[in-house]
Each structure stands twice: as C-alpha cells, then as structure tokens.
Amino acid sequence: MPADPRAPAKLSLETLTQGIWKENPVFVMLLGLCPVLAVTNTATNALAMGLATMFVLLCSGVLVSLLRNVIPKQVRIACYIIIIATFVTITDYAIMAISLDLHKALGAFIQLIVVNCVILGRAEAYASKNKVVSSFVNAFGMGIGFTVALLCLGVVREVFGFGTLFGMDLFGPNFQPWAVFALPPGGFFVLAFWLFLFSYVRKRRAAATTLEEKKHAA
Amino acid sequence: MQPDSHAFIFLNAFLINNFVLAMFLGLCPFLGVSAKISTAWNMGLAVVFVMLVSSMCAFGINIVLVKYELEFLRLISYIAVIASSVQLVEMFVKKFSPSLFRTLGIFLPLITTNCAILGLALFQTNRSYNFTQCLAFALGAGAGFTLALILMAGLREKLELAKIPDTVTQAALSLMIAGLLSLSFMGFAGLGG
C-alpha cells in the first residue's frame with residue numbers, strides 16, 4: 001500500500017539524513033541559490049551564512065509546527081513569511097552585535113534569508129504537517145545540508161581565489177591567486193562543477209547497480 | 001559622470017553591477033523562466049513593474065519608520081509591501097490582459113519570493129537614495145534583470161539543438177552559461193568612471 005503523502009511522516013534517521021544527501025537543498029533541489037553563490041567567496045563567510053540560515057530554519061520550523069492547527073489555511077504563506085522575517089531580524093541584530101566585520105561582509109544577504117526558498121519550502125512542505133520534534137530534526141538536517149553545500153563552495157573558492165583557508169595562509173608568499181574564483185563568475189563555475197561531479201557519481205552508481213543485476217540474472 | 005547622478009545609478013544597476021550576474025539576486029526565476037524568449041520578456045516586464053511599485057512604497061515606508069524610530073520593523077513591512085504589490089500586479093494583469101495572465105501562470109505570484117525585489121528595497125535604503133534616485137535604481141535593476149533573462153533564454157534556445165554529454169545535467173549546463181555571461185558582464189566594470 002502506498003503511503004499517504006499528507007500523513008505525518010514517522011520520526012526516523014531518514015528524517016535527519018534526507019536533507020543532508022538525498023534531498024540536499026542546494027545540490028539536488030537547487031533552492032536558495034542566491035546566498036549560495038553570493039557569500040561563498042571565503043569559507044568563513046560561507047560557514048557564518050550557513051549557521052545563520054540554520055538558526056532561522058530551526059526556529060521557524062518549530063514555531064510553524066507549534067501553530068500548525070491555529071493558522072488558517074488561506075493566509076498560511078503570509079503567516080510563515082512574517083514568522084521567518086521575525087527570526088531573520090533577530091539573527092541580523094545578533095550578528096551585528098557579535099561581529100561587525102562579518103555583518104559588513106555578508107551585507108544585505110542576512111536580511112535576504114527571508115526570501116530563501118529553502119526555509120519557506122520546509123515550512124510549507126514539512127513543518128505545517130508534522131509534530132514539533134520531527135520538524136526540528138528535519139530542519140536540523142536541512143540546515144546541515146545547506147551549510148555543507150555552502151562550505152563546499154566556500155572552501156574551493158577561498159583556496160583558489162585567495163590561497164587561504166579560514167584566513168590561514170596555505171601556499172606561502174609565492175602563490176599567485178586565481179582571482180576569477182573570488183569574483184562572481186567563479187561562483188557559477190564552482191557550483192556547476194559540483195553539480196557535474198554529483199551527477200557523474202550518481203550515473204556511475206546507477207550503471208554499477210544495473211551491471212550487478214545483469215550478473216545475477218545470468 | 002557623478003556617482004550620484006541618475007544616469008550613473010541607472011547604468012550601475014543595469015550593466016556594471018547587474019542584479020543577476022554580478023550580485024546574484026533573483027537566480028530562481030533566472031534559471032526557472034529562461035527557457036523561452038517570449039516568456040522571459042513577459043516575466044521581465046512584470047518584474048520591472050513590481051520593482052517600481054515596491055521601490056516607491058518602500059521609500060515611503062522608510063520615512064515613516066525612521067520618524068517613529070521603528071527601523072527593526074523594516075524587513076517585515078518591506079516584505080508585506082512586496083507581497084501586496086505583487087497581488088496588485090496580478091489583479092491588474094488579470095483584468096487587462098487575460099492571455100498574458102495565463103502565459104505567466106505560477107511565476108507571477110512567485111515574484112514575491114524573488115530576492116531581487118527585496119534586495120532592491122534594502123539597497124536603496126542602505127544607500128539613502130532620494131525619491132527620483134530610487135526610481136532610476138528600480139528601472140535600472142529591472143532592465144538589467146530583463147536583459148540577463150533574455151540573453152540567457154536566447155542561449156538556451158540555441159542549446160536545444162546542441163549535442164551535450166549525457167552526464168551533464170540541465171542545471172549544471174545553465175550555471176556554466178551563466179558563469180560565462182557573468183564573466184563577459186565584468187567587462188562593463190569601470191564604465192562611467
């Protein structure tokens with residue numbers, strides 16, 4: 001019997017891991033690309049952006065899940081956006097208090113977390129139908145998946161673009177930085193290469209399974 | 001050109017710091033609606049209109065918020081303004097051109113979550129532009145978005161006939177093209193001094 005997609009999903013390890021690999025918001029679903037490309041010119045910025053997004057994801061996931069029986073269906077999207085905007089404002093002021101340099105580096109992109117489709121997508125597709133604990137776990141997995149994706153880009157772009165990693169010098173003074181990686185086109189290229197890599201791995205794996213099946217059949 | 005003249009603000013948002021290709025704003029519709037030139041053109045027009053309306057509203061709201069020292073409400077009120085101006089555009093288009101309304105379909109309400117529009121409202125506040133500068137900025141940003149969308153759609157229409165290796169997914173290919181476009185737009189840096 002096929003499972004009813006509207007029924008609350010059971011809490012399992014799958015709830016956590018689906019956001020990290022199988023439904024990775026960036027590499028598989030291609031959501032929330034604007035911050036992914038814009039703030040990943042260094043690994044530090046990427047990590048900070050990932051953590052900020054994760055915080056908003058967790059808080060809004062829990063609150064939406066708590067209020068899921070109170071919010072009328074017709075105005076739910078507007079309610080979700082207001083909830084998300086509240087937490088983004090909190091994050092914005094918190095980052096400004098913790099590190100002004102970081103706030104300057106990330107710029108308007110902290111406030112633009114409001115329109116990140118990953119968060120609204122989670123609120124609509126998961127938190128509005130599931131219990132608080134499983135929404136929390138699912139949002140945590142998605143947050144990790146998003147942060148890992150940002151780091152994947154940030155590390156590559158910082159190592160090639162500046163020759164450093166988290167601000168530490170890697171190659172010594174004779175390194176000639178490959179400037180295009182730190183500039184906007186580099187973001188597009190690095191993300192495209194990661195997508196190439198993942199689709200190559202997936203194709204290889206699918207080919208290996210069919211080969212195995214053929215052997216068993218013969 | 002003076003850095004705060006209207007022509008410079010327009011050119012800056014249109015070419016030098018193109019919203020899509022240099023500042024990575026509005027990538028979702030850029031990758032999603034750029035399959036055909038005709039849809040891209042209509043989408044661009046709708047975005048220009050929403051940008052103009054929400055830029056004017058955001059300018060007004062900011063004055064009120066600053067007057068009563070309620071700056072922390074800025075984000076929430078901007079997003080509410082954008083959502084309602086998208087609703088306005090939707091009703092307007094539905095009334096005056098039902099055929100265009102059907103062509104744009106789901107992408108019309110999705111303009112609300114287009115970060116180019118919220119980004120525009122936030123940038124004009126950060127740079128404290130006056131009213132006419134805001135209008136020039138909104139027009140430039142909208143025109144830049146439309147230009148990027150149409151260029152991309154043209155390239156993708158040509159790609160339909162090209163032979164590509166089968167490990168390459170459509171998304172990765174689009175991103176590669178976007179990267180090359182972005183590289184060529186960097187040539188505009190330094191324009192207008």
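Chain A is built from 8 helices and 2 strands, and their order along the sequence is α-α-α-α-α-α-α-β-β-α. The model is predicted. Chain A contacts chain B through 32 residues of chain A and 31 residues of chain B. The largest nonpolar core counts 119 residues.

**Chain A overall**

- Along the principal axes, the C-alpha atoms of chain A occupy a box of roughly 65 × 60 × 25 Å.
- Chain A has 218 residues, of which 43% are buried.
- Among contacts in chain A with a separation of 6 or more, 77% join residues 24 or more positions apart.

**Annotated transmembrane regions**

- For chain A, an unreviewed UniProt entry lists "transmembrane region" at residues 21–40, 46–67, 79–99, 105–123, 135–156 and 176–197.
- Within that list, residues 105–123 of chain A are 47% helix and 0% strand in the model, with end C-alpha atoms 28 Å apart.
- Residues 135–156 of chain A are 100% helix and 0% strand, and the end C-alpha atoms of this span lie 32 Å apart.
- For chain B, the UniProt annotation, also from an unreviewed entry, places "transmembrane region" at residues 6–33, 45–66, 72–93, 100–123, 135–155 and 167–191.
- Residues 6–33 of chain B are 61% helix and 0% strand, with 30 Å between the end C-alpha atoms.
- Residues 167–191 of chain B are 64% helix and 0% strand, with 39 Å between the end C-alpha atoms.

**Contact between the chains**

- Of the two sides, chain B gives 31 residues and chain A gives 32.
- On the side of chain B that touches chain A, the elements giving two or more residues are α2 (27–32), α4 (74–96), α6 (115–126) and α8 (170–185) of chain B.
- Helix α8(B) supplies the largest share of that side, 8 residues.
- By class, the side of chain B that touches chain A holds 24 nonpolar residues, 7 polar residues and no charged residues.

**Nonpolar core**

- Within the largest nonpolar core of 119 residues, those with the most contacts are A:I84, A:V114 and B:L118.
- Helix α7 (residues 131–159) of chain B contributes the largest share of this core, 13 residues.
- Leaving aside residues up to four places away in sequence, B:L118 touches A:L112, A:V114 and A:V115 of chain A as well as B:Y78, B:I79 and B:I82 of chain B.

**Helices α3 and α6 of chain A**

- The axes of helix α3 (residues 43–66) and helix α6 (residues 117–127) of chain A come within 10 Å and cross at roughly 35°.
- This crossing of α3(A) and α6(A) is right-handed.
- The contact of α3(A) with α6(A) comprises 6 nonpolar, 3 polar and 1 charged residues.
- In α6(A), the buried residues are A:V118, A:I119, A:L120, A:R122, A:A123, A:Y126 and A:A127.
- These buried residues of α6(A) pack against α3, α4 (76–98) and α7 (132–162) of chain A.

**Individual residues**

- A:F166 is not a glycine, yet has a positive phi of about 50°.
- A:F166 sits in the loop between β1 (164–165) and β2 (168–169) of chain A.
- A:F166 counts as exposed because it has 12 C-beta neighbours inside 10 Å, the cut-off for exposed being 12 or fewer.
- B:E69 is another residue that is not a glycine but has a positive phi, here about 55°.
- B:E69 lies in the loop between α3 (37–67) and α4 of chain B.
- B:E69 has 7 other C-beta atoms within 10 Å, so B:E69 is exposed.
- B:V86 belongs to helix α4 of chain B.
- B:V86 counts as buried because it has 24 C-beta neighbours inside 10 Å, where 20 or more are needed.
- Not counting residues up to four places away in sequence, B:V86 touches B:V50, B:P109, B:I111 and B:T112.
- From B:V86 to B:G44 the distance is 14 Å, C-alpha to C-alpha, with the two 42 residues apart in sequence.

Definitions and conventions:
Residues numbered from 1 in each chain as written. Chains lettered and ligands numbered in written order. Predicted model: local features only at pLDDT ≥ 70, side-chain atom pairs only at ≥ 80, totals over all residues. UniProt positions renumbered as here; feature names shortened; annotations may be inferred. Helix = DSSP H or I, 4+ residues; strand = E, 2+ residues; numbered from the N terminus. Core = buried A, V, L, I, M, F, W, Y, C linked by C-beta atoms within 7 Å. Contact = placed C-beta atoms within 7 Å. Nonpolar A, V, L, I, M, F, W, Y, C, P; charged D, E, K, R; others polar. Axes fitted to C-alpha atoms, helices over the stretch in contact; angles between N-to-C directions. Left-handed = near helix turned anticlockwise from the far one by under 90°.
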